[in-house]
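Me: I'm new to this one. Please pick a part and give me a close look, with any terms spelled out as you go.

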Amino acid sequence: MAEARVPMPSRDDDPGGEVVDQEASLVPIHIITNASDLPVEFLEPSPQSQVVIGFDCEGVDLCRDGTLCIMQLAFPNAIYLVDVIEGGKVLMEACKPALESSYVTKVIHDCKRDSEALYFQFGIKLNNVMDTQIAYSIIEEQEGRARAPDDYISFVGLLADPRYCGVSYLEKEEVRVLLRQDPKFWTYRPLSDLMIHAAADDVMFLLYVYHKMMEKLNTRSLWRVTIRGALYCRCFCISDSAFADWPALPPIPDDVHLDGEAPEEEILSVLDVPRGKMGRVIGKKGASILSIKESCNAEILIGGSKGPSDKVFIIGPVKQVRKAAAMIRGRMLDI
């Protein structure tokens, strides 16, 4: 059985120190093709046994039209690689309650495409995520450090930051090279040792990072991470239902205040871009969309090559979203 060294969070850790092998616990890596081999607390979510897990997905061109191949679940005492190729829809149906449950917190880095693949391929509405990419940006803002538009922390960059992990993840680039050479890398069975360890490596540090981030997030910032995670999960999952079948968005907690005022409600707005107009929205070398991003305190996302290519997604406080939407509509009308 394969094993991985998972760093265990401790309140006694030096916030500026590095994660070293002596601080890690050796845990087994289980390959799952049958749901009965998964922990009961995952399969049967309940308020009495709430859990936090590291979460990720691997596949071919991961999006609505790609192929989801492996789903990784990191618990403190084990890593589970859910083999979607072998287990199929029966296995994923068994995982659905946990993935949609508010009693299972899924810690993930950049949830958008994983959520899209789960929704369109298996009808799963990913819920209750703690997205470390979102959390990183909000902590930077909380601590007074400005972030340029589109300056999103990569997973490798996050792990290298000594405030959160302080480890080098060179193996990630090696896998990226293999994926460029063979996009079907994750479809091959049986899973090779390289595939097993590459999949486990993508989740083995997430619980450690989660605890480090939770120590930093104040109440207001934690709510923003939660609501942004919920909106990012919906982002590329646009359908005729207009998200009516998704879990309710988390409300603003009563104890969240800034200078005596509660933060503004955050929303997701989806704009349809008529054929031939996306170029005007983006502008030469992205100049037009960048200027809009710099003018608005909102996240503006475009589907790009994975799609949907005719829509613009805007996430943020209501007033800022409306401002961005008006500016984008104006660009569509420019002659």
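Reply: Lining the largest cavity are Leu126, Asn127, Asn128, Val129, Gly229, Ala230, Cys233 and Arg234. Keep in mind that this is a predicted model, where local features need pLDDT of at least 70, side-chain atom pairs need 80 or more, and totals for chains, interfaces and linings use all residues. Numbering starts from 1 along each chain as its sequence is written, and side-chain values use heavy atoms, without hydrogens or water.

A cavity here is a set of points on a 1 Å grid over the protein atoms alone, where a 1.4 Å probe fits but cannot get out; lining residues have an atom within 4 Å of a point. The largest one holds about 30 Å³, counted as the space filled by probe spheres set on the points. Searching the whole structure turns up one cavity of 30 Å³ or more. The biggest share of its lining, four residues, comes from helix α9 (residues 219-235); a helix is a DSSP run (H or I) of at least four residues, a strand (E) at least two.

Glutamate 58 is buried, meaning under 20% relative accessible area with a 1.4 Å probe, protein chains only. Among the residues glutamate 58 touches are Trp186 and Asp202, with contact meaning heavy atoms within 4.5 Å.

Notes:
Buried means under 20% relative accessible area, exposed over 50%, partly exposed in between (1.4 Å probe, protein chains only). Lys and Arg count as positive and Asp and Glu as negative; His and the chain ends are not counted. A salt bridge is a side-chain nitrogen of Lys or Arg within 4 Å of a carboxyl oxygen of Asp or Glu. On a 1 Å grid over the protein atoms alone, a cavity is a set of points where a 1.4 Å probe fits but cannot get out, and a pocket is an open set with protein on both sides within 12 Å along at least five of seven lines; lining residues have an atom within 4 Å of a point. Lists of a residue's contacts leave out its neighbours within four places in sequence.
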